[in-house]
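Below is a short briefing on one protein chain. Look at the structure first, then read the points in order.

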Amino acid sequence: MAGLEHYALSCGLLLLPAAVWNIVLASRLPPAFQPDEFGRDIPAPLAFAESVLRIAVFVLPFLMPLDMAAPGAGRALLIFGAGTLLYFASWLALIWLPESRWSRRPWGFTAPAYTPLLWLFGISLLGDRLFWGTFYRWWMYLVLCVVLLAAHITHTMRVYVRNRQHGAE
C-alpha cells in the first residue's frame, strides 16, 4: 500500500477544484456555453485538437508528484490559488451578470477560456518532474497548456462571434 500512497499525492489533486466547479456550475452558464450551442459549427480539427490536448493536460498532472517542500512550492501555490480564484470569478461574472458590459464583450465572454493559464502555470511549476524518468521538464506541461488554451480561446471566440452575428451577444 505504501507504493500506492506515493502516487496518490500527485499534482492531479490540484485539478479537482476546477473539475468540481465545472461539473456543478456549467449548467448555470449562459445559453451560448451550453454543450449543444457551444459545440455547434466548430470545425472538426479544432474540436479534435482541443479534446486531445485537454486529455493530455488533465492526465499528465496525475503523473507528477506533488512536493510541497520543493523550492518555489509556496510561490507556485500562490499562483495556482490566485489563478483558480480568477477563473472562478470569470464564471461568476457570466452566471450572475450575463447582460453586463463585461460579459457581452470579448474579454469577459472568453475569460473562462484564458484565465486557466494562471492555475495551470502554478501546476506546471509544482509538477517539475514525473514519478519516473528524467526527460521531463516543467515547461513541457506549460507548452501543452498554452496550446490547449489557444485552441480553447479560438473555439470560444468563434462562439462569441457567431452569437454576436445572430444578435444573441
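The crossing of helices α4 and α10 is left-handed, a label used if the near helix is turned anticlockwise from the far one by less than a right angle, while right-handed is used if clockwise. The model is predicted, so local features need pLDDT of at least 70 and side-chain atom pairs count only at pLDDT 80 or more, whereas totals for chains, interfaces and linings use all residues. Residues are numbered from 1 along each chain as its sequence is written, and side-chain values use heavy atoms, with hydrogens and water left out.

**The α4–α10 pair**

- Helix α4 covers residues 44–59 and helix α10 covers residues 138–165; the two pack at an angle of about 145°, with axes 9 Å apart.
- Axes are lines fitted to C-alpha atoms, for helices over the stretch in contact, and angles run from 0 to 180 degrees between N-to-C directions.
- On the α4 side, the contact (heavy atoms within 4.5 Å) is made by Leu46, Glu50, Leu53, Arg54, Ala56 and Val57.
- On the α10 side, the residues include Tyr141, Leu144, Cys145, Leu148, His152 and Arg158.
- The residues of this contact divide into 10 nonpolar, three polar and three charged.
- In this count, Ala, Val, Leu, Ile, Met, Phe, Trp, Tyr, Cys and Pro are nonpolar, Asp, Glu, Lys and Arg are charged, and the others, Gly among them, are polar.

**Leucine 53, a residue of this pair**

- Leucine 53 is found in helix α4, and it is buried, with a relative accessible area of 15%.
- Buried means under 20% relative accessible area, exposed means over 50%, and partly exposed is in between (1.4 Å probe, protein chains only).
- Leaving aside neighbours within four places in sequence, leucine 53 is in contact with Leu144, Val147 and Leu148.
- The C-alpha atoms of leucine 53 and leucine 148 are separated by 5.4 Å, although the two residues are 95 residues apart along the chain.

**The chain as a whole**

- The chain has 10 helices and zero strands; both are DSSP runs numbered from the N terminus, helices being H or I of at least four residues and strands E of at least two.
- The radius of gyration is 17 Å, close to the 15 Å that the globule rule gives for 169 residues, so the chain is as compact as a globular protein of that length.
- That radius is taken over C-alpha atoms, and the rule is 2.2 Å times the number of residues to the power 0.38.
- Along the principal axes, the C-alpha atoms fill a box of roughly 55 × 30 × 25 Å.
- Buried residues make up 40% of the 169 residues.
- Of the contacts with a separation of 6 or more, 80% are between residues 24 or more positions apart.

**Two serines and a proline**

- Serine 10 lies in the loop between α1 (2–8) and α2 (16–25), and counts as buried at 1% relative accessibility.
- Not counting residues up to four places away in sequence, serine 10 touches Pro61, Phe62, Met64, Pro65, Leu66 and Phe131.
- Serine 103 is found in helix α6 (residues 101–104), and is buried, with a relative accessible area of 2%.
- Proline 98 lies in the loop between α5 (73–96) and α6, and counts as partly exposed at 31% relative accessibility.
- Leaving aside neighbours within four places in sequence, proline 98 is in contact with Pro30, Ala93, Ser103 and Arg104.
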